[in-house]
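This briefing covers charged pairs, a surface patch, helix spans and backbone angles in one model. The structure comes first, then the notes.

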Amino acid sequence: MPLIAPDVLRAAGVVSLVAATIEGGWLGFALFFLVLGALFVPRAIGSSPWLDLAYCGTLLFGGWAAQLDWYDAIPALDLVVHATATGLIAVITWQVLVRADALPRHRDPRIGRPALGAFVVTATAAVTLAVLWEFGEWLGHTYLDERIQVGYDDTIGDLAAGALGAVVAALIVSRTDMAEPQ
């Protein structure tokens, strides 16, 4: 797949930023500003086009689902998006750390058990990012705008779904080299 498909999604991210700002004001701007920044990470690190496409598509979908209150209309959708997005973020995070020479590649002869390290770091990093996201939602709801939906059940459910997605992604990263950055 040529790189054009993920780049089309990045362009859709720019359009989404403008549209969400018009539709949702500063809250829509803040959400899609975060999404837009994240959309450029796989391109910057040389992720495969398939991973890039899945990651960008999931983040854009998740952003619009929040913006348009689809999570209220389809309650299980929130858990599916959290699991999928956190799993994809886990793989991208691992790739960022490999690219930055903070972690070894799978076949690094200096490391005795690279699969174990890849699993632990990938899962832990993604769960940590999911926790930070939930903190951000709470802070936003508490101090900025009550339209940001939070609650005990929502937060625990989001974290559980995110952790599941992170563990699945960590298993894939640790057992295959398909997630190696290009």
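Tyr 143 counts as exposed, at 59% relative accessibility; exposed means over 50% relative accessible area, buried under 20%, and partly exposed in between (1.4 Å probe, protein chains only). The model is predicted, so local features need pLDDT of at least 70 and side-chain atom pairs count only at pLDDT 80 or more, while totals for chains, interfaces and linings use all residues. Residues are numbered from 1 along each chain as its sequence is written, and side-chain values use heavy atoms, with hydrogens and water left out.

**Nonpolar patch**

- Tyr 143 sits in helix H6; helices are DSSP runs of H or I with at least four residues, numbered from the N terminus.
- Together with Trp 26, Trp 138, Leu 139 and Leu 144, Tyr 143 makes a nonpolar surface patch of about 610 Å².
- Patch members have over 30% relative accessible area and no salt bridge, and nonpolar side chains (Val, Leu, Ile, Met, Phe, Trp, Tyr) are joined within 5 Å.
- The areas come from the Shrake-Rupley method with a 1.4 Å probe, and for residues only the protein chains shown count as cover.
- Helix H6 (residues 114–144) contributes the most to this patch, with four residues.

**Salt bridges**

- The structure holds four salt bridges, each defined as a side-chain nitrogen of Lys or Arg within 4 Å of a carboxyl oxygen of Asp or Glu.
- Asp 7 and Arg 43 form one of them, at 2.9 Å from N to O. Asp 7 is in helix H1 (residues 4–39) and Arg 43 in helix H2 (residues 41–45), so this pair ties together parts that are 36 residues apart in sequence.
- Asp 7 is partly exposed at 24% relative accessibility, and Arg 43 is partly exposed at 39%.
- Arg 10 and Asp 52 meet in another salt bridge, at 2.8 Å from N to O. Arg 10 belongs to helix H1 and Asp 52 to helix H3, so the pair ties together parts that are 42 residues apart in sequence.
- Arg 10 and Asp 52 are both buried.
- A network of salt bridges links Asp 7, Arg 10, Arg 43 and Asp 52.
- Asp 145 pairs with Arg 147 in a salt bridge, with the closest N and O atoms 2.7 Å apart; Asp 145 is buried, at 12% relative accessibility.

- Asp 158 lies in helix H7 (residues 152–175).
- Asp 158 is buried but has no salt bridge, and the nearest side chain of opposite charge, Arg 147, is 17 Å away. Lys and Arg count as positive and Asp and Glu as negative, while His and the chain ends are not counted.
- Leaving aside residues up to four places away in sequence, Asp 158 touches Asp 78, Leu 79, His 82, Glu 134 and Glu 137; contact means heavy atoms within 4.5 Å.

**Helix spans and positive phi**

- Helix H3 (residues 49–67) has 19 residues and spans 27 Å from first to last C-alpha, close to the expected 27 Å. The expected span is 1.5 Å times one less than the number of residues.
- Most residues other than glycine have a negative phi.
- Asp 101 follows H5 with a positive phi near 60°; Asp 101 is exposed, with a relative accessible area of 71%.

Methods:
Helices (H or I, at least four residues) and strands (E, at least two) are DSSP runs, numbered from the N terminus. Patches are made of residues with over 30% relative accessible area and no salt bridge: like charges are joined within 9 Å, nonpolar side chains (Val, Leu, Ile, Met, Phe, Trp, Tyr) within 5 Å.
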